[in-house]
Amino acid sequence: MSSSTNQKLSRRLRLNWVDSFLIGVRVAAVVFIAIGLVGTIINFANGEGPTAVAWRDLVVGGIAQGTMYGLIALGYSMVYGVLGFINFAHGEVFMGGAMTAFFMASYFVETGLWADSFVIALILVILSSMFASTVIAVLVERIAYRRLRNAPRLIPLITSIGVSFFLQYSAAFLFGISNKSFPQPPQGLLNKVDVFGLGWLLIEGTKLLVIVISVVSMAVLYFIVERTKTGRSMRAVAEDKEIAGLMGINVDRTIVTTFAVGGAMAGIAGSMWALLFRGVSFNTGFLPGIKAFTAAVLGGVGNIVGAMLGGLLLGLFEGVGPLLILDGWGIPGVSQLKDVVAFAALVLVLVFRPSGLLGERLSVEDRG
Amino acid sequence: MTNGILDVRKVIRAGLLAGLVMSFTSAIGMVEDFDRRMIIDGLFSLGFLALLWYVPIAGYKVGDEKVLEGMEIPPKSRKHVLAGVLVGLIGGVVLLALILITNAMDLRDVFIRLSPNLVALLTFSDNPADPNFGVGAIFLIGMPGLLGAVGGALHLVSPRLRRQIVVAPTAIIVSALVKDVIGQIMRTFGLDTVVRQLYRNGAVRLVPAIIGAAIAFYLAGRERRETSRIREFLTHPDPKVRTRNSLIVGAGSIVVVVAAPWVLGSLLSEILATTGIFLLMALGLNIVVGFAGLLDLGYVAFFAVGAYTSAVLTSPLSPFFSPEWPWWYTLPVVVVVGVFAGIMVGTPVIRLRGDYLAIVTLGFGEIVRITFLSDAASPWFGGAGGIRQIPGIPLGFDTISGSDPEYIFYFALALVLLAAWVSYALLNSRVGRAWTAMREDESVAEMMGIDTVRSKLSAFIVGAVLAALGGALFSAKLGSIFPTSFELLISIVILVVVIVGGLGSIVGVVVGALVLIGVLGGPRQPGLLQEFGEYKLLIYGVILVYMMLKRPEGLVPRVRRQRELHEDELTQDDWFEKKGELSELEGGA
């Protein structure tokens, strides 16, 4: 009796060598981060490294970038929730929005609207970016993904890689491979704004604008998904396509809506990106796309609030992480390693917490 | 088109699509850039091929009916020709509209290639300021109409004649595109005068083109074609004869392959060597993706690791450690490092589900590249400046480097044969069967006692070692390596090669590499058609999507794989016809 209990216990405790390896990676990551943190804190106490003001700017920049990641991540997350595959081309949908923003803004600079009434011009730019991205997303779904509804899981993923390539290089050849510089917003927007009159919370106008617009769009999206009839059918289709169809929901149309909404959010993010970094090129979509996917997984795939939260955290981590962790190690040129930090976050999140912070929500077919 | 009634919506849709394809190739600058390369001297350029290729296909396809089992085959009628003509005409009108708009307003701020030069080219005017719209309109609408009619008419003729009509022009186009190969072979055998008779400025002369088309037309029409004769030769019923025949074929192909670099000259050997290195990696990736079903998007990382290991150990300019070993000595180290890299990347990801695994490996690939690129690693690996002065492969009498592509090709060939042999041996071994079982259904495989962790990891390790060896050869060939040589593009292009060839099919991967890398070229390496330049990346994307939608099993599919993808006819029809959701396609990728 006792021997069998022992056996059970030992079986439960017996660790596969893969598990030990993963535990080793975990410990190494924690130790690495801890030492880096301590080093940075010591540097800071000694008055070396970035000042408090620099840290504040990094945090604000990280949040601004994070909200954009969150907007893009929504598209990944919703599509994964509904169809169960990674829409690799979503980064290019975002790039399409950024490109459109550039062309519209340049046009408004020419007509003078950009200088005369910036707000109207910006609204028009954002609307046209949303429109372009939505059209791209819906067309891609119609042409490439729809006929792969029942294909094995990796087939649509590989297809989406092809679509991403096609869109990227189409943009390169149609619009030229040069980096396009986005027109400068009015001077008032470049100055720092004292938020809440606190005195110490000075945020650059464009970043504040980006954060506000992104948060408002997320709130609107949340309202649509949680409170409207369209949103309810989207959630139903994400839960179970077959049953949703039996309940009288037009599954195809709902899937198109999902792509359209995700595209619109990516369009907003694209115009914000162009405005903030003031540069657009054909490969603008690649890195933000991958990172936004990381954000979606970090928050929990299929989980809308999770995508927003994941984006915010990833942006923050990417903005602060290199200086906070790597600088403490005395590694030179840490800002070059920003993307390494993001990709390391991607690997760690997917390996150790693939269900995300807030839990994933997948359709019945994709669970398990 | 059933019962001879013209399906107007279908025709309009196909016509608009044809117009869109023509407008797109014009707007991305393909037509203009390719116009310099002629196919038939003074008559037809590659640019116009890029412009018009889709029209006959559209004209044919508009009359296409999917015939499922048990359906009546609809009657053919002249309506097909009419439909084809209409498709071409609509497409032509779309293209003409684009040209007129381009001429009327300056779109170059947005679409940089929609310029007066394009208008001049398509309206056959020498002066960009003075387009010739009369001629242009006749050509731009008439030519697609004619080609559409030809496409539609293919429905009316017998299958034999259809084959002849398709083969004859294709043969001429192909012989013009591979002019470098044919010309070089002939020149090696002292047939310079013949080359001059056949080609001018890289294009087939008009008279040889007509004669060649006639010959191709005749050959395509023969009842017993050469391919079937070869197949019979290889599958002779008598096993003794069969063995003898395959030995003859094997010996013959070895002679051809060994002689190839000397017959083809060093310029083409360069392409062969590049193709060999990419083929080596494709065979490695085929083990990971095709056999074990693990979609690795960061495969280039192993390639980079191998290249850097070899470079550090051989180059006198390696920053932190430079033993200046001969290339040969580095091979065991490269293998060990490859195994290590395979374990390091493989272990964390094997528990993940397929698509997450793809993204994590992509992340690893990018981490490796950015790390090599960063200042932080430059004291070890030279940062963006890379590692230079890699000496090449010492062979006693000479040192082989990038300037001797013939020898590099032999090395690549040896490694490819090794990779092919490893693939073949593994596939028919215990671990190969474990991969197959695992790919078809992981939980069932696990329940049958297969150690999935070990199987997956071994696939990763074998793939990593092959890529690392490819990297070692790559560094010896280039003489200096930079982090930018190891971008994500390489992983994707190799994936396209494997998928186009046929996942899991060794022969397929060889065919895929020859067709894609040999003809189009690697991401940064030129192929046979150097005109394609950067456009090949666009074409890779299109090919990937097309293959996934229309032929996911690849050009030369592995039998089992085809079975997995087309589990039963019902599912297949469902998949292609998009009619309802009949049943879930289980297993596979």
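The buried residues of helix 10 of chain A pack against helix 3 (52–83), helix 9 (205–227), helix 11 (241–246) and helix 12 (251–277) of chain A; helices (H or I, at least four residues) and strands (E, at least two) are DSSP runs, numbered from the N terminus. This is a predicted model, in which local features need pLDDT of at least 70, side-chain atom pairs count only at pLDDT 80 or more, and totals for chains, interfaces and linings use all residues. Residues are numbered from 1 along each chain as its sequence is written, while chains are lettered from A and ligands numbered from 1 in the order in which they are written.

Helix 10 of chain A spans residues 229–239, and Ser233(A), Met234(A), Val237(A) and Ala238(A) are buried in it (20 or more other C-beta atoms within 10 Å of a residue's own; exposed is 12 or fewer, partly exposed in between, with C-beta atoms placed from the backbone). Viewed down the axis of helix 10 of chain A, these buried residues fall within an arc of 140°, so they line one face of the helix; the arc is that of the directions from the helix axis to the C-beta atoms.

Between the chains, 47 residues of chain A are in contact with 48 residues of chain B (C-beta atoms, placed from the backbone, within 7 Å). Helix 7 of chain A gives the largest share of the side of chain A that touches chain B, 15 residues.

Arg278(A), in the loop between helix 12 and strand 4 (279–280) of chain A, has a positive phi near 50°. Gln389(B), in the loop between helix 17 (378–381) and strand 5 (393–394) of chain B, has a positive phi of about 55°.

Key
Contact = placed C-beta atoms within 7 Å.
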